[in-house]
Amino acid sequence: MYAYDEIDRTLVNERVSEFRDQVKRRLSGELTEDEFKLLRLQNGVYLQLHAYMFRVAIPYGTLASKQLRALAHVARKYDRGYGHFTTRQNIQFNWIKLAELPDALADLAKVGIHAMQTSGNNMRNVTSDQWAGVAPGEIEDPRIWSELIRQHTTLHPEFSFLPRKFKIAITASDHDRAAIKIHDIGLRLIKNEKGETGFEVLVGGGLGRTPFIAKTIKHFVHGRDILSYIEAILRVYNQYGRRDNIYKARIKILVHELGIEKFSREVDDEWQHIRNSSLQIDDEVIEDIRSRFTYPAYEKLPHMPDELRQAAADPDFEAWRKNSVAAHKVQGYSIVTISLKPIGKPPGDATAEQMDALADLADRYSFGEIRVGHEQNLALPHVAKRDLPALWKALDKLGLATPNVNLITDIIACPGLDYCSLANARSIPIAQELTRRFANHELANLIGRLHINISGCINACGHHHVGHIGILGVEKNGEEVYQITIGGRADENAGLGTLIGPGVKFDEVADVVEDIVEAYLALRERPEELFMDTVKRLGVEPFKERVYATR
Amino acid sequence: MPLVNGGKIADDSFVKLAVDTPLPESGDILVPAERFLGEAEGLLKRAGKVGVIWPNNRDIDELVPYLGKVAAVALVFPTFRDGRAYSQARLLRERYDYRGELRATGQVLRDQFVFMLRAGFDSFDVKKQADAEAFMQTAKRYSVFYQPTGDGRITALHRRMQLRHSEGVGT
Ligand code: HEM
Ligand code: SF4
């Protein structure tokens, strides 16, 4: 865990008092809505369909139990008793009153949580692998670098009014759980031949109207140079990124229009000027940040404790364990993913009671730590294997033991028409219907790893382009229509899905998904061949045929 | 628009000229970039200070040869959303070592003062009187800064190192 010190806390408090003043000036009419809009967005406040929506940052997805309790408190006191975890390691509240927002922020500030730059045309919450620091085989804990970059990009005086939003994600594992290739800057922590730590830097990824997979701009940037290199990228983008057209303002368009070679030359030119400046990070600074991450005092535990052996007799426990428990770098411990995708419920929602109870479970079983992943699930990162059966029982009581992580009902979905003022179509009800269709665990398990992603409009908040099955809601003649893509993925082999044909109506979406799944089951060569592999081998044609032959 | 200079509301000695306004005999003038580049020699010879209004989409490199001769550079925020002039300001101050007046013009609200000061601005054409009056108070809103910029303020990273070292000395 990383703990904010007095310096960080002071900044967060100063920010709250500034925002309190801004809200007061807005309520008194001193600030116009146009002027205020920009300021509120920089504090994570959107004006939505029904109310103000409030987005809170969870930097690199790490939460302390008392922070999760504070989020529960905000849900209970200022909202309707629940929050919505998003694909960007944030949590959103949908029913907050503007006049109460400064108080909500002040309550969160007490535990070092804020909403700085969770929206607006600035550098957003830095995201990372939700298994950071515990995943076996990772180069090193990517959160140390995430935190360095979080600090550097917070209230940056040059980059707080960029052409458009800007997102940085970091991974340190071979398996990319941070979806770095669909970010404006993606960083992959690596070691060079000399054993020095640095980054492969990718740039220009993003979804939305014009999706792009990020391209590598540098194969190795030394850790000490990473801030100056990022600064160089941002400076080029700030100056040359398009501002005439909001749809073309993201860095992905600049990279695409210039071409990666030309863009990287511009960045290099800039970099040469600033690389040996005070932006250079010496080891001491990194060590200081590293020293403020504390790690649990792990015990020496057996690989296979008796508790686990006994519980294995219970098929329900085993189903959950196989699905939700992953290997930990320390023997005797596990990483437990907590599905926020119960059958029939909106993906990513958690009630205040669930959050409080999870905070208690984290205290009891995971050294007080919780993680949030971009799949809209949570994780407990340090669970002793002997505690797994007890944890499972407790989670089950809370409705949080659905064994569907990475299965077809582990759906990622944006809020869509239910909350979002930009939506063209509903997302949540589609997700709910699909979870009901595939509620049978045996069937879901037989299908295997399959990610469905749903967005309610072209902005792609639900990452539909990179869903194994992607569902995009659009509007056609006043009706909700859904376009289906297959074959996208957001991991280390990220790619965009292919459209399989004309859009289908709301009522048909679940049938179409069933058709696709049936086609896959019939087409796969062996049970181990995953959906993605079958699509890769055969292309979209056979799926298209199956879906449209009868429609 | 009230002008804030040196931290307080001040009179503006500069007269803003358009591209085609006749040149006044004497007095300080602020000239659009285009005109400045066209008539630089003549303008710099007359009595009175010359400042230049530099648009945010024009390469700052073109101005560099004149930096020793101009008394003021006014950078432009056409809307408060458009942050290009922040980069220009930092380049002028940090890369080209420009020490004259650096003025923020256009949509300048109190909520940007801290960012602008940190980027190197020292003079502000403020949109609203109330914001100009609140300058000092607003400029001091933050005491913690995470990034090094040419304003020389100590960053949080280095503040921590200092604290750590001074603790070390004591023990
Ligand atoms: C409810 C209010 C929301 C609004 C008004 C909103 C607005 C937008 C807009 C306009 C874009 C497109 C930006 C662009 O490509 O330039 C976008 C993209 C995105 N949003 Fe949202 N969003 C909302 C909620 C969410 C939620 C709930 C999530 C997560 C579940 C989310 C995550 C994302 C992601 C991941 C993208 C992908 C685009 C990219 O960066 O490549 N947003 N959003
Ligand atoms: S994808 Fe569209 S509908 Fe969904 S949250 Fe984003 S902006 Fe709203």
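Start with H1(A), which gives the most to the lining of the largest cavity, four residues. Helices and strands here are DSSP runs numbered from the N terminus (helices H or I, at least four residues; strands E, at least two). The model is predicted: local features need pLDDT of at least 70 and side-chain atom pairs count only at pLDDT 80 or more, while totals for chains, interfaces and linings use all residues. Residues are numbered from 1 along each chain as its sequence is written, chains are lettered from A and ligands numbered from 1 in the order written, and side-chain values use heavy atoms, with hydrogens and water left out.

Select helix H1 (6–27) of chain A and helix H3 (113–119) of chain B; each supplies at least two residues of that lining. A cavity is a set of points on a 1 Å grid over the protein atoms alone where a 1.4 Å probe fits but cannot get out, and lining residues have an atom within 4 Å of a point. The space inside is about 180 Å³, a volume being that filled by probe spheres set on the points, which are joined across faces, edges and corners. The lining has eleven nonpolar, five polar and four charged residues; Ala, Val, Leu, Ile, Met, Phe, Trp, Tyr, Cys and Pro count as nonpolar, Asp, Glu, Lys and Arg as charged, and the others, Gly among them, as polar.

The whole structure has seven cavities of 30 Å³ or more.

Next, select the second largest pocket, of about 620 Å³. A pocket is an open set of points with protein on both sides within 12 Å along at least five of seven lines. Of its 34 lining residues, A:His175, A:Glu375, A:Asn406, A:Arg449 and A:His451 are closest to the centre. Elements giving two or more residues are helix H11 (315–324), strand E11 (325–327), strand E15 (378–384) and helix H17 (531–538) of chain A. H11(A) has the largest share, three residues. By class, the pocket lining has twelve nonpolar, 13 polar and nine charged residues.
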